[in-house]
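Here is a short briefing on one protein chain. Please keep the sequence and the model side by side while you read.

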Amino acid sequence: MVSKHRNITENPFTYVLIGAIIAILAARGYVLIIRTNFSIGGVEMHHVFYGVALLIIGGFIYFYTNQREKRGIARFALFLFGAGCGLVADELNFFTYNSSAYSLIQYYSESNVYSDVFLLLMLFLLFLIGLNIQTKSKR
């Protein structure tokens, strides 16, 4: 008999969604508290650089471990991938809707916050679709 309860820990989008939410909140908190960007050799390191690194690292780890059935490591890789998505999307939202000047007021503007909420809603929709597909495949 198939259980009627859905196990959300088996849905890969769970970890992507959690990673994106935590990354966006961490990036917003960092900008609010620190208010400066880290720089290396005069080059400002915005959180898009960290996001791209997390996307690459998380993607490679997931594809490597997914073939070997290492579920814990694969879930952590999905979390890293989601965090990278969140950081890249947050930075791109800022530069899309604001000027090139990095201002705290512009960073927390309505359009930028709405874009992040829209991103999280889309990831949540993917989560629900994945959960629905997972439930149908177990029948």
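In which helix does glycine 51 lie? Glycine 51 lies in helix α2. The model is predicted, and the protein chain in it has 5 helices and 2 strands. The points below go from the overall layout to single residues.

**Overall layout**

- Along the sequence, the elements follow the pattern α-β-β-α-α-α-α.
- The chain has 139 residues, and buried residues make up 35% of them.
- Take the contacts between residues at least 6 apart in sequence: 69% of them join residues at least 24 apart.
- The accessible surface comes to about 9000 Å². Carbon and sulfur atoms account for 70% of that surface.

**Confidence**

- The chain averages a pLDDT of 78. A score of at least 70 is reached by 73% of the residues.
- Helix α2 (residues 47-66) has the highest mean pLDDT among the elements, at 89.
- Helix α4 (residues 104-107) has the lowest, at 63.
- Where pLDDT is low, the predicted coordinates should not be read in detail.

- Glycine 51 is buried, because its relative accessibility is 0% and the cut-off for buried is under 20%.
- Leaving out residues up to four places away in sequence, glycine 51 touches Gly84, Leu87 and Val88.
- Glycine 51 and phenylalanine 81 are 30 residues apart in sequence. Their C-alpha atoms are 8.5 Å apart in space.
- Glycine 84 lies in helix α3. Glycine 84 is also buried, with a relative accessible area of 0%.
- With the neighbours up to four places away again left out, glycine 84 touches Gly51, Leu54 and Leu55.
- Glycine 84 and alanine 23 are 61 residues apart along the chain, and 7.5 Å separates their C-alpha atoms.

**The salt bridge**

- How many salt bridges are counted? The count comes to 1 salt bridge.
- The salt bridge joins the side chains of arginine 28 and aspartate 90, at 2.8 Å from N to O.
- The pair links distant parts of the chain, 62 residues apart. Arginine 28 sits in helix α1 (residues 12-34), and aspartate 90 sits in helix α3 (residues 71-97).
- Is arginine 28 buried or exposed? Arginine 28 counts as buried, because its relative accessibility is 8% and the limit for buried is under 20%.
- Aspartate 90 counts as buried too, at 0% relative accessibility.

**The aromatic pair**

- The structure holds 1 aromatic pair. The partners are tyrosine 62 and phenylalanine 63, with ring centres 5.8 Å apart.
- Why is the pair edge-to-face? The ring planes stand at 65 degrees, and planes over 60 degrees apart count as edge-to-face.
- Tyrosine 62 is partly exposed, with a relative accessible area of 21%.
- Phenylalanine 63 counts as exposed, because its relative accessibility is 57% and the cut-off for exposed is over 50%.

**The nonpolar surface patch**

- A nonpolar patch on the surface has about 890 Å² of accessible area. Its members include Phe13, Val113, Tyr114, Phe118 and Met122.
- Which helix gives the most to the nonpolar patch? Helix α5 (residues 110-137) does, with 9 residues.
- Phenylalanine 13, one of the patch residues, is found in helix α1.
- Phenylalanine 13 counts as partly exposed, at 30% relative accessibility.

**Leucine 119 in helix α5**

- Leucine 119 has its place in helix α5.
- Leucine 119 touches Ile24, Gly86 and Ala89, not counting residues up to four places away in sequence.
- Leucine 119 and leucine 17 are 102 residues apart in sequence. From C-alpha to C-alpha, the two leucines are 9.9 Å apart in space.

Methods
Residues are numbered from 1 along each chain as its sequence is written. This is a predicted model: local features need pLDDT of at least 70, side-chain atom pairs count only at pLDDT 80 or more; totals for chains, interfaces and linings use all residues. Side-chain values use heavy atoms; hydrogens and water are left out. A salt bridge is a side-chain nitrogen of Lys or Arg within 4 Å of a carboxyl oxygen of Asp or Glu. Helices (H or I, at least four residues) and strands (E, at least two) are DSSP runs, numbered from the N terminus. Buried means under 20% relative accessible area, exposed over 50%, partly exposed in between (1.4 Å probe, protein chains only). Rings of Phe, Tyr and Trp (its six-membered ring) pair if their centres lie within 6.5 Å; planes under 30 degrees apart count as stacked, over 60 as edge-to-face and the rest as tilted. Patches are made of residues with over 30% relative accessible area and no salt bridge: like charges are joined within 9 Å, nonpolar side chains (Val, Leu, Ile, Met, Phe, Trp, Tyr) within 5 Å. Accessible areas come from the Shrake-Rupley method with a 1.4 Å probe; for residues, only the protein chains shown count as cover. Contact means heavy atoms within 4.5 Å. pLDDT is the predictor's confidence in each residue, from 0 to 100.
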